[in-house]
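Student: I am new to this structure and would like to be guided through it. Could we begin with the strands and then turn to the helices?

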Amino acid sequence: IKTIGVLTSGGDAPGMNAAIRAVVRAALFKGYKVKGVRHGYNGLLTGDIVDMNLRSVSEIIHRGGTILYTARCLEFKTLEGQQKAAQACREAGIDTLVVIGGDGSFRGAKDMAAQGIPCIGIPGTIDNDIACSDYTIGYDTAMNTAVEMIDKLRDTTQSHDRCSVVEVMGRNAGYIALNTGIAVGALVTLIPEVPFDLDRDVISKMKETQKTGKKHFIIVVAEGAGKASDIANEIQARTGIDSRATVLGHVQRGGSPTLRDRVTASRMGYHAIELINKGIFNRVVATRAESIVDYDISVALSMYKTIDTALLDISHAISI
Ligand code: F6P
């Protein structure tokens, strides 16, 4: 291996830049050449490939987004697209590819490996939904952004004696909602992993707490569990409590990464280059109990991740 390509793919996540920086610097330090592929796998199909040097990654460790841009690439999902992408790697002299992204990006990495381009995956997504890894780059920043926003929402919710239903991201997973719900003191947190009944789990609880003097309510809902507007409308119709829906949306994907995201991204990026340097390929870098580990890509993609529903019980017990 002489030249390493690096790309970001799928939804961006705060800390991706810190991961790019670590990959580029660690690779250059070990004597490799590095090329940045822009706009995800699209960049391979369009030839959007740039040389990276030590200074290409200056001033980015604290920046959200990704300097390499990102995309979800449809053409790459076809065999023809994959063959074309592998050929583009060969023509650009890229011997191996580091892919920073989520599950879809790792499936792409597996396809590239099948076309003879070895890959290493690094989990970058705010959703924390990569099965093989306890943690994904961007998750902590996204949650802290959500907490900051919901704290602001609490002020106005309280002033008006209202109910605020806040929808947070997470795709099909409830990790962001679960932890954010606890951190903001939500009365109820709804996540896709745990079925709920609006009457039993939300409205009854609101009425119970009203009896003890509670006048305003924060309900956090994961986007995979329901729509904030539907839930807010239902609550208002059934309780008469003035209710508002807030969808935090893509604001959760932006902003300067937290310390946790910067450090994890730096450790993961460094680990990716260590693997390549040892001649170990087609792995996904992951965290397990604060350590950096790695798994075969196919194994990683077949794994299943659970969510700690005990946190819901705690949330429920102390939000009364
Ligand atoms: O995977 C990250 C994520 O932000 C999800 O939480 C969300 O469901 C999705 O991406 C939104 O995708 P897009 O940016 O394409 O609207």
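**Strands and helices**

Tutor: Strand β1 (residues 3–8) runs parallel to β4, and five bridges join them. Please keep in mind that this is a predicted model.

Student: Which residue of β4 is the bridge partner of Gly 5?

Tutor: Gly 5 has Leu 97 as its bridge partner in β4.

Student: In what sense do β4 and β5 pair, and over how many bridges?

Tutor: β4 pairs with strand β5 (residues 119–123) in the parallel sense, over five bridges. Within that pairing, Val 98 stands opposite Ile 120 of β5.

Student: How many of the residues of β4 are buried?

Tutor: Strand β4 (residues 96–101) is mostly covered, with six of its six residues buried. Thr 96, Val 98 and Ile 100 point one way from the strand, while Leu 97, Val 99 and Gly 101 point the other way, and all are buried.

Student: What is the strand order of the open sheet of seven strands?

Tutor: The order is β3-β2-β1-β4-β5-β10-β11, and the pairing is mixed. The edge strands are β3 (49–52) and β11 (291–296), each of which pairs on one side only. On average, neighbouring strands of this sheet are turned by 30° against each other, direction ignored.

Student: What about β10 and β11: in which sense do they pair, parallel or antiparallel?

Tutor: Strand β10 (residues 283–288) pairs with β11 in the antiparallel sense, over six bridges.

Student: Let me pick a single residue. Where is His 271 found, and is His 271 buried or exposed?

Tutor: His 271 is found in helix α9 (residues 259–277). The relative accessible area of His 271 is 16%, so this residue is buried, the cut-off for buried being under 20%.

Student: And what does His 271 touch, not counting residues up to four places away in sequence?

Tutor: With those residues left out, His 271 touches Val 285, Ile 292, Val 293 and Asp 294.

Student: Now the other sheet. In what order do the four strands come?

Tutor: The four strands form an open sheet in the order β7-β8-β6-β9, and the pairing is parallel. The edge strands, β7 (188–190) and β9 (243–247), each pair on one side only. From one strand to the next, the twist averages 20°.

Student: How many bridges join β7 to β8?

Tutor: Three bridges join β7 to strand β8 (residues 217–222), and the two run parallel. Leu 190 stands opposite Val 221 in β8.

Student: Which strands of the sheet does α8 touch?

Tutor: Helix α8 packs on the sheet and touches β6 (163–168), β7, β8 and β9. The direction of α8 makes about 170° with that of β9.

Student: How is α8 placed against α7: what are the angle and the axis distance?

Tutor: Helix α7 (residues 198–211) and helix α8 (residues 228–239) pack at about 55°, and their axes are 11 Å apart. That angle makes α7 oblique to α8. The crossing of the two helices is right-handed.

Student: Which residues make the contact?

Tutor: From α7, the contact is made by Leu 198, Asp 199, Val 202, Ile 203, Met 206 and Lys 207; from α8, by Ile 231, Glu 234, Ile 235, Arg 238 and Thr 239. By class, the contact of α7 with α8 has six nonpolar residues, one polar and four charged.

Student: What about Ser 229: how far is this residue from Val 165?

Tutor: Ser 229 is found in helix α8. Ser 229 and Val 165 are 64 residues apart in sequence, and 7.7 Å apart in space, C-alpha to C-alpha. Ser 229 is partly exposed, with a relative accessible area of 34%.

Student: One last pair, please. At what angle do α6 and α11 pack?

Tutor: Helix α6 (residues 175–183) and helix α11 (residues 310–318) pack at about 25°, with their axes 10 Å apart. That makes α6 roughly parallel to α11. The crossing of α6 with α11 is left-handed.

Student: Which residues are in that contact, and of which classes are they?

Tutor: The contact is made by Leu 178, Asn 179 and Ile 182 of α6 and by Leu 311, Leu 312 and Ser 315 of α11. Four of the residues in the contact of α6 with α11 are nonpolar, two are polar and none is charged.

Methods
Residues are numbered from 1 along each chain as its sequence is written. This is a predicted model: local features need pLDDT of at least 70, side-chain atom pairs count only at pLDDT 80 or more; totals for chains, interfaces and linings use all residues. Side-chain values use heavy atoms; hydrogens and water are left out. Axes are lines fitted to C-alpha atoms, for helices over the stretch in contact, and angles run from 0 to 180 degrees between N-to-C directions. Angles under 35 degrees count as roughly parallel, over 145 as roughly antiparallel, 65 to 115 as roughly perpendicular and the rest as oblique. A crossing is left-handed if the near helix is turned anticlockwise from the far one by less than a right angle, and right-handed if clockwise. Contact means heavy atoms within 4.5 Å. Ala, Val, Leu, Ile, Met, Phe, Trp, Tyr, Cys and Pro count as nonpolar, Asp, Glu, Lys and Arg as charged, and the others, Gly among them, as polar. Buried means under 20% relative accessible area, exposed over 50%, partly exposed in between (1.4 Å probe, protein chains only). Two strands pair if DSSP finds at least two bridges between them.
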